[in-house]
Amino acid sequence: MAVSGIAIFSATSSNWCWPAALQRGLSVGILVVLSYAMIVLDISIVLTALPRLQADLGFSDAGLTWVSSIYTLFFGGFLLLGGKLGDLYGRRRIYMIGLSIFALASLAIGSAQSAGFIVAARAVQGMGAAILAPSTLSLLQVTFPAGEERNRAVAWYAAAAGVSASFGMVLGGVLADMISWRAGFFINLPISIGLLIVALRYVKETDRFAGKIDVLGALLSTIGLGALVFASVHAAEQGWGNWGSIGVLALGFVLLAAFLIHEARVHEPLLPLRLLTHAERGGAYGARVLFLGANVSFYFFLAQYMQEVLGLTAAETGLAFFPATFVNFIAAMNVPKMMARFGRGPVLMVFVGFGQGAAMAPLTSSGIAGVEAEDVGAASGTVNVAHQLGSSLGLALLVALAALTSTTGATRLAIAERTAHALQGGTLFVLAALLVSWMFILRPASEKQ
């Protein structure tokens, strides 16, 4: 039987000659936590470094958003394909391919000399993360059985997201101030090499399922999501009164509608619609999109506000986020006990408005609840799609909202006004996430009792 993730990470036995099953559980636990932590870290680590990066490479204010959005866009767009690849060709193999692409793209970003090159490299890095991430969550699902053991493993997985998002702000600011913004990308290389060694030595290949890749579905979903994000960023710079904004936005919705129609008809869809019709899973995906849109925007705008309005250095800005890192970690580590006692719904309702660390675990657990073996990869991809769609589209929408409702320019007053309006919009996102959680996760669970 698989060994609990918490037990693995808290082991203090003096006997280092662990049984093979324990070594495999430990290796999978390490891969899941560190891999996902690195992916999320890369999203947040760049935020405190954005002013330095803008000064070095000459980004416009709206163009600077693409450094974050292009990564999360390609991450979210290719996640369903990444999950399917793991099912078809083995999750360890696909994990290692994704990790290698991610590492090489990180090296390219750290060496970038122009704004266009860094955006292109961030797109490749996001694609690598999209191949990597579903394999980690799938490995978690097939290693830890449903119930208390999986809840504990999911708590570590969620803690990796919550803590890394906050810690990335601290690390990004310190590195940008003391060394260079480039250092935040270069550190991915030694971490990736270490993870590849662990995967080769300890992780066994998983079962493969017969099937084929839904190429059309991958193209429709990726281009459709890309159109939505592009329209939002374009509107932030040019306004909504032009076809570059309205036309592309309409195109995005048409393509996503075509994607859903295609998925309903194709024999082997990237996104089995039965995953969305399940009340708890569908609610978890929707709440995750809304919550992450508010969460990432909070870090994005506050990081710039602290530096451009309050005059803090990048390092001081990063350290200002440290209390959030500590709270996220403490909350995430106590979630398994609370979920075992009260259930996913009540814990989610209490904490979604207070902290990412405690909200991510029940959202992740609900997102993979009751999944059959053949849908493990698709469910893992969908959880991450919701995560990255919320991050990318939510940020783009709030950037557009802030630009359209605030004073233009780079004065301290204009930046402060944009920050205030963006946070007000983020508050509405969180309230909507609470409503979705109550309607589709908490209320159905209480009706079954």
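How many nonpolar, polar and charged residues does the lining of the second largest pocket have, by class? The model examined here is predicted. In this model, the lining of that pocket has 13 nonpolar residues, 5 polar residues and no charged ones. The volume of the second largest pocket is about 430 Å³. Its lining is made up of 18 residues, and L225, F259, L271, V385 and L389 are the closest to the centre. Five helices are named as giving two or more residues to this lining: α4 (61-89), α10 (215-238), α11 (243-265), α13 and α18 (376-405). Helix α18 gives the most, with 5 residues.

Helix α13, one of these contributors, spans residues 279-308. It has 30 residues. From first C-alpha to last it reaches 44 Å, close to the 44 Å expected at 1.5 Å a residue. The helix is mostly covered, with 21 of its 30 residues buried.

Across the whole structure, 2 aromatic pairs are found. One is formed by F74 and F78, and it is stacked. The ring centres lie 5.8 Å apart, with 20° between the planes. F74 and F78 are about one helical turn apart, because 4 residues separate them in helix α4. An α-helix has 3.6 residues a turn, so residues three or four places apart point the same way. F74 has 22% relative accessibility and therefore counts as partly exposed. F78 has a relative accessible area of 19%, so F78 is buried. The cut-off for burial is under 20%.

F300 and F301 form an aromatic pair that is edge-to-face. Here the distance is 5.3 Å centre to centre, and the angle between the planes is 85°. F300 has a relative accessibility of 4% and so counts as buried. F301, at 8%, counts as buried too.

Charged contacts come to a count of 1 salt bridge. Its partners are K84 and E268. Their closest N and O atoms are 3.7 Å apart. The pair links distant parts of the chain, 184 residues apart. K84 belongs to helix α4, while E268 sits in the loop between α11 and α12 (274-277). Both K84 and E268 are buried.

The structure holds 4 cavities of 30 Å³ or more. In the second largest cavity lies about 50 Å³ of space. Its lining consists of I45, V46, A49, G172, L175, A176, S180, W181, G184 and F185. Helices α7 (148-178) and α8 (183-186) each supply at least two of the lining residues. The most come from α7, with 3 residues. By class, this lining has 7 nonpolar and 3 polar residues, with no charged residues. The lining of the second largest pocket likewise has no charged residues.

Key: Residues are numbered from 1 along each chain as its sequence is written. This is a predicted model: local features need pLDDT of at least 70, side-chain atom pairs count only at pLDDT 80 or more; totals for chains, interfaces and linings use all residues. Side-chain values use heavy atoms; hydrogens and water are left out. The expected span of a helix is 1.5 Å times one less than its number of residues. Buried means under 20% relative accessible area, exposed over 50%, partly exposed in between (1.4 Å probe, protein chains only). On a 1 Å grid over the protein atoms alone, a cavity is a set of points where a 1.4 Å probe fits but cannot get out, and a pocket is an open set with protein on both sides within 12 Å along at least five of seven lines; lining residues have an atom within 4 Å of a point. Grid points are joined across faces, edges and corners, and a volume is the space filled by probe spheres set on the points. Ala, Val, Leu, Ile, Met, Phe, Trp, Tyr, Cys and Pro count as nonpolar, Asp, Glu, Lys and Arg as charged, and the others, Gly among them, as polar. Rings of Phe, Tyr and Trp (its six-membered ring) pair if their centres lie within 6.5 Å; planes under 30 degrees apart count as stacked, over 60 as edge-to-face and the rest as tilted. A salt bridge is a side-chain nitrogen of Lys or Arg within 4 Å of a carboxyl oxygen of Asp or Glu.
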